[in-house]
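Visitor: I am new to this structure and would like a close look at a single part of it, taken slowly.

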Amino acid sequence: MPRPVKWKKVCCLPETNLFGPLNAKNLDDGIITMSVEEYETIRLIDLEGMLQEECAESMNVARTTIQRIYNDARKKLADALVNGFVLKIEGGNYRLCEEGQETIGCGRCRKGRFKENQ
């Protein structure tokens with residue numbers, strides 16, 4: 001029997017999910033797909049400055065899982081930047097954090113900014 005899916009807690013979806021070179025001739029050639037949880041690890045570790053342990057706690061998974069997700073995300077990001085591919089963020093095994101739930105590291109996400117502006 002396969003292991004059940006472990007949902008990763010994600011603060012919010014990205015405002016933009018498609019990135020790439022401005023001079024791309026055909027957007028369908030060379031699209032790299034990054035999952036939402038890979039995006040979230042990049043956001044938490046690189047943008048928010050969290051340690052992998054803090055990121056793992058925020059996303060409700062093990063640190064080794066975060067390390068694997070983070071390494072995969074960095075490889076995809078580097079491949080898109082260096083080789084001029086389009087990067088598309090979609091899919092994955094995640095659940096958005098809910099209203100009233102403790103949110104760790106959500107200071108820069110849209111949900112956190114929206115609450116402050118109300």
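Leaving aside its neighbours within four places in sequence, which residues is I66 in contact with?

Guide: This is a predicted model, in which local features need pLDDT of at least 70 and side-chain atom pairs count only at pLDDT 80 or more, while totals for chains, interfaces and linings use all residues. Residues are numbered from 1 along each chain as its sequence is written, and side-chain values use heavy atoms, with hydrogens and water left out. Beyond those neighbours, I66 is in contact with T41, I45, Q52, C55, A56, M59 and V61, where contact means heavy atoms within 4.5 Å.

I66 also belongs to the largest nonpolar core, a set of 19 residues in which M34, C55, M59 and I66 touch the most other members; such a core consists of buried Ala, Val, Leu, Ile, Met, Phe, Trp, Tyr and Cys residues joined through side-chain atoms within 4.5 Å. Helix 1 (36–47) gives the largest share of this core, five residues.

The buried residues of helix 3 are I66, I69, Y70, A73 and A80, buried being under 20% relative accessible area, exposed over 50% and partly exposed in between, with a 1.4 Å probe and protein chains only. Because they cover an arc of only 100 degrees around the axis, they lie on the same side of helix 3, the arc being that of the directions from the helix axis to the C-beta atoms. On the other side of helix 3, T64, K75 and V82 are exposed. Helices (H or I, at least four residues) and strands (E, at least two) are DSSP runs, numbered from the N terminus, and the cover over the buried residues of helix 3 includes strand 1 (8–10), strand 3, helix 1, helix 2 and strand 4.
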